[in-house]
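Here is a short briefing on one protein model. Look over the sequence and the structure first, then read the points below.

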Amino acid sequence: MTLHVNGATAPRPSVPSRLDAFIADNEFDQPTLVIDVDQVETQYGALKAGLGHADIHYAVKANPAREILERLVALGSHFDAASRGEIELCLSLGARPETISFGNTVKRASDIAFAWHAGITLFSADAEEELEKIAEHAPGASVYIRLIVELSQADWPLSRKFGCDQDTALRLLDYAKELGLTPVGFSFHVGSQTRRADMWGPTLAELAKTWHAAREAGHALTLLNIGGGFPAFYGEAIEAPTSYAARVMAQLQEHFGDIPQIMAEPGRGLVAEAGAIVAEVMLVSRKSDRDMHRWVYLSIGRFSGLAETEGEAIRYEFQTARDSDPTGPCIMAGPSCDSADVLYEKRPMHLPLTLKSGDKIVIRNTGAYTSTYSSVCFNGFPPLAVVVI
């Protein structure tokens, strides 16, 4: 069987047999994300083997399913939380406060106070005002400064919104000390879906200049948070997780030297391949006799879990029972009455020419950033259901 991706067919990658069996044996009344938590554990072990002494801080925002967090707590994982809600969830499932970092650089003052009183002692910042809030509501806390990344080779760069440049970062370290905080290091994010480990090289070479400048200025930095960027398979070749992570660590040593504490925040790279969405085809049509491409409408769209199709940045793989039939290009869209709910149009997908309304369609490697992006009930369509096996 083949998967349809990027306008062509690609060999089907190895997928968890439990996931396939569950999907084949069950019917689904609405779009449903099925997660194999054992596969999450396998991926955690593979990443940990490559990262060595670095602490994995799972990016909870990727998929906050309770079963995933419970399994990761049992494995000794740490956690990156973006909000009070994520902190409360992690704590309620047994995570210790010292294993949680409040990694969002934009935080409500009341949420900082909550986190501090709950035992959270590690916070991020990239601006003076954020440091002032932390100093007032979490006095003496440890902080790391987020650096802006402008040399990303990722499929989805995360530049501009987060981070600051070298001059600002050095100034913030000094200001944190003045405020009675403990500045411990820096963080950054190379960009989501950085497919090859060597793509980290230019970013690390540039950011290492700031690390060494801070050390030369007298700051005894002990922590480097390398963020996420660990890739998932979406049809284009990626390295195995252990060798990928090991190559990243080797480059860190090359550019930064010995770092007492390293944090990594995999989200997508930890849970994406452990999940698949089961949906159905709602309509196949053409706009006119002259239309070159079919339109294939699914029961799930950008507002019900597939938000990462924005700009066609993440190109998912699709599997149907008709995959042995001839294929042709099609434009894919969601079910809502919103013209923005188009998934792939600039680069049409190739799907079976025999595809029709009612056919089951499986969307592979969707364990990350789908359930959390799903709207509450846009157009009355139910939010994405989640089943963990």
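**The cavity**

The largest cavity holds about 50 Å³ of space. On a 1 Å grid over the protein atoms alone, a cavity is a set of points where a 1.4 Å probe fits but cannot get out. Grid points are joined across faces, edges and corners, and a volume is the space filled by probe spheres set on the points.

This is a predicted model: local features need pLDDT of at least 70, side-chain atom pairs count only at pLDDT 80 or more, and totals for chains, interfaces and linings use all residues. Residues are numbered from 1 along each chain as its sequence is written, and side-chain values use heavy atoms, with hydrogens and water left out.

- By this rule, one cavity of 30 Å³ or more is counted.
- Lining residues have an atom within 4 Å of a point. For the largest cavity they are Gln39, Gln43, Pro231, Ala232, Arg268, Gly269, Leu270, Val271, Ala272, Glu273 and Ala274.
- Two or more lining residues come from each of α2 (37-51) and α10 (268-271). Helices (H or I, at least four residues) and strands (E, at least two) are DSSP runs, numbered from the N terminus.
- The most lining residues come from α10, which gives four.
- The lining divides into six nonpolar, three polar and two charged residues. Here Ala, Val, Leu, Ile, Met, Phe, Trp, Tyr, Cys and Pro count as nonpolar, Asp, Glu, Lys and Arg as charged, and the others, Gly among them, as polar.

**Nonpolar cores**

- The largest nonpolar core has 98 residues. Such a core is a set of buried Ala, Val, Leu, Ile, Met, Phe, Trp, Tyr and Cys residues joined through side-chain atoms within 4.5 Å. Buried means under 20% relative accessible area, exposed over 50%, and partly exposed in between (1.4 Å probe, protein chains only).
- Tyr58, Phe123, Phe186, Ile226, Leu298 and Phe318 have the most contacts inside the largest core.
- A second, separate core has eight residues, including Ile23, Phe28, Val34 and Ile389.
- Leucine 298 touches several residues beyond four places away in sequence, among them Phe318, Met332, Leu343, Ile361 and Ile363. Contact means heavy atoms within 4.5 Å.

**Leucine 69**

- Leucine 69 sits in helix α3 (residues 66-75).
- Leucine 69 counts as buried because its relative accessible area is 0%.
- Beyond its neighbours within four places in sequence, leucine 69 is in contact with Tyr58, Val60, Pro64, Phe79, Leu89, Cys90 and Leu93.
- Leucine 69 and alanine 95 are 26 residues apart along the chain, and their C-alpha atoms are separated by 8.6 Å.

- Lysine 107 lies in the loop between β6 and α5. Its relative accessibility is 4%, so lysine 107 counts as buried.
- A polar atom of the lysine 107 side chain lies 2.6 Å from the backbone oxygen of serine 124.
- Leaving aside neighbours within four places in sequence, the contacts of lysine 107 include Phe102, Ile112, Phe123, Glu130 and Ile134.

**Glutamate 239**

- Glutamate 239 lies in the loop between β10 (223-225) and α9 (241-256).
- At 19% relative accessibility, glutamate 239 counts as buried.
- The side chains of glutamate 239 and arginine 247 make a polar contact of 3.1 Å. A polar contact is a pair of N or O atoms within 3.5 Å; within protein, one must be able to donate a hydrogen and the other to accept it, and residues adjacent in sequence count only if both atoms are side-chain atoms.
- The glutamate 239 side chain also reaches the backbone nitrogen of alanine 197 at 2.8 Å.
- Glutamate 239 and arginine 196 are 43 residues apart in sequence and 6.5 Å apart in space, C-alpha to C-alpha.

- Glutamine 193 is not a glycine, yet it has a positive phi of about 65°. Glutamine 193 is in the loop between β9 (182-187) and α8 (201-216).
- Glutamine 193 counts as buried, at 2% relative accessibility. Its side chain reaches the backbone oxygen of alanine 232 at 2.6 Å.
- Alanine 232 is also one of the residues that line the largest cavity.
- Tyrosine 369 has a positive phi of about 55° and is not a glycine. Tyrosine 369 is in the loop between β17 (360-364) and β18 (385-388), and counts as buried at 13% relative accessibility.

Conventions
1 Å grid on protein atoms, 1.4 Å probe; cavity = no way out; pocket = protein on both sides within 12 Å on 5 of 7 lines; lining within 4 Å.
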